[in-house]
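Please keep the sequence and the structure in view while reading.

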Amino acid sequence: MTIPRNFTLGDRTVDRLGYGAMQLAGPGVFGPPKDRDAALAVLREAIASGVNHIDTSDFYGPHVTNQLIREALSPYAKDLVIVTKIGARRGDKGEWLPAYSAAELTQAVHDNLRNLGRDVMEVVNLRIMFDVHGPAEGSIEAPLTALAELQQQGLVRHIGLSNVTPAQVAQGRGICSIVCVQNQYNLAHRKDDALVDELARDGIAYVPFFPLGGFSPLQSAALSEVAQRLGATPMQVALAWLLRRSPNILLIPGTSSVGHLRENLAAAELDLPAEALQALEGVAA
Ligand SMILES: NC(=O)c1ccc[n+]([C@@H]2O[C@H](COP(=O)([O-])OP(=O)(O)OC[C@H]3O[C@@H](n4cnc5c(N)ncnc54)[C@H](OP(=O)(O)O)[C@@H]3O)[C@@H](O)[C@H]2O)c1
């Protein structure tokens, strides 16, 4: 089975295997990394390996991952697409708090631009915070309209949504063009199955966060067995499965380790035979 390597995000073509920078901040995504040089090395290795899609936010740290990205990668490669997200802020103890007012969203876009050293953000996701842990219903009209105004001012080229319900995606698409949706989704967490397919039909990228399970990476006997049979690691199988799941899925696995980064990027070459795909269906069940 031939798996498409690229997908269009906004109006840019990106490799479907990208990198998520959240793990580069300190413990709890708060404060500086334990090993700054190691964090810079991961970013440089990602670009050297052909990654051209990096996911970040100024609320990682806060400011830390964006400043690391700038230090490691600026001046940026022409084909690099950096995607950020706004809509939250961090409390004094690292709490994740909503930050949706037009003033807060404007400030967040300017913080991202300054810390990344850019004049315009390629893609900005509006991260919905009605429930920090997962999508919850409620109108997104006010914050999305505020973000669309920042787009009209030329600070943002494309808009995406994160942590949203299908109803909020539909509402958002009625307000402005949406180029990507970033929700939790992986081999074991498939609530968005129908949404993935709907967005694929409309050419909109679906970017799963926690593709490896997040802070507690996926553990499953079926996953381990398939990995062992294929001579791969469970994380590689989890990523290869996502690449096969739908051509609009873009991957942003996070890691603070160059070894894990290499392992994850190699998942693009992993073939999953039909019997492996069948065995993996059981992971979600
Ligand atoms: N929109 C949102 O609300 C939202 C929420 C969460 C995350 N995100 C984005 O999504 C990206 C991905 O999510 P994530 O980083 O939280 O979770 P993830 O990619 O599912 O998993 C990251 C975890 O897996 C470990 N890991 C990575 N590669 C591994 C490997 N080959 N073998 C073993 N362990 C491995 C990492 O530890 P090591 O550092 O030790 O490798 C880390 O603990 C983030 O970087 C962020 O950009 C968005």
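## Overall architecture

How many helices and strands does the secondary structure of the protein contain? There are 10 helices and 11 strands, where helices (H or I, at least four residues) and strands (E, at least two) are DSSP runs numbered from the N terminus. The radius of gyration is 18 Å, close to the 19 Å that the globule rule gives for 285 residues, so the protein is as compact as a globular protein of that length. This radius is taken over C-alpha atoms, and the globule rule is 2.2 Å times the number of residues to the power 0.38. Along the principal axes, the C-alpha trace spans about 55 × 45 × 35 Å.

The model is predicted: local features need pLDDT of at least 70, side-chain atom pairs count only at pLDDT 80 or more, and totals for chains, interfaces and linings use all residues. Residues are numbered from 1 along each chain as its sequence is written.

## Burial and contacts

Of the 285 residues, 47% are buried. A residue is buried if 20 or more other C-beta atoms lie within 10 Å of its own, exposed if 12 or fewer, and partly exposed in between, with C-beta atoms placed from the backbone. Two residues are in contact if their C-beta atoms, placed from the backbone, lie within 7 Å. Among contacts with a separation of 6 or more, 74% are between residues 24 or more positions apart.

## Helix α8

Helix α8 covers residues 234–245. Its 12 residues should span 16 Å at 1.5 Å a residue, and its end C-alpha atoms are 16 Å apart, which agrees; the expected span is 1.5 Å times one less than the number of residues.

Is α8 enclosed or open? Because 11 of its 12 residues are buried, α8 is largely enclosed by the rest of the structure. The buried residues include Pro234, Trp241 and Arg245. Their cover includes α6 (193–201), α7 (221–230), α9 and α10 (274–284).

## Packing of α2 and α3

Two packed helices are described by the angle between their axes and the distance between the axes. The axes of α2 and α3 (residues 102–116) come within 8 Å and cross at roughly 35°. Axes are lines fitted to C-alpha atoms, for helices over the stretch in contact, and angles run from 0 to 180 degrees between N-to-C directions.

Asn66, Gln67, Ile69 and Arg70 of α2 meet Asn112, Asn115 and Leu116 of α3. These residues divide into 2 nonpolar, 4 polar and 1 charged. Ala, Val, Leu, Ile, Met, Phe, Trp, Tyr, Cys and Pro count as nonpolar, Asp, Glu, Lys and Arg as charged, and the others, Gly among them, as polar.

Most residues other than glycine have a negative phi, and most peptide bonds are trans. A cis peptide bond joins glycine 61 and proline 62, with omega about -10°; proline 62 is in the loop between β4 (53–55) and α2 (64–73). Another cis bond runs from serine 74 to proline 75, with omega near 0°, and proline 75 is in the loop between α2 and β5 (81–86).

Histidine 63, also in the loop between β4 and α2, has a positive phi near 75°. With 18 C-beta neighbours inside 10 Å, histidine 63 counts as partly exposed. Valine 29, in the loop between β3 (19–20) and α1 (36–48), has a positive phi near 55°. Valine 29 is buried, with 21 other C-beta atoms within 10 Å.
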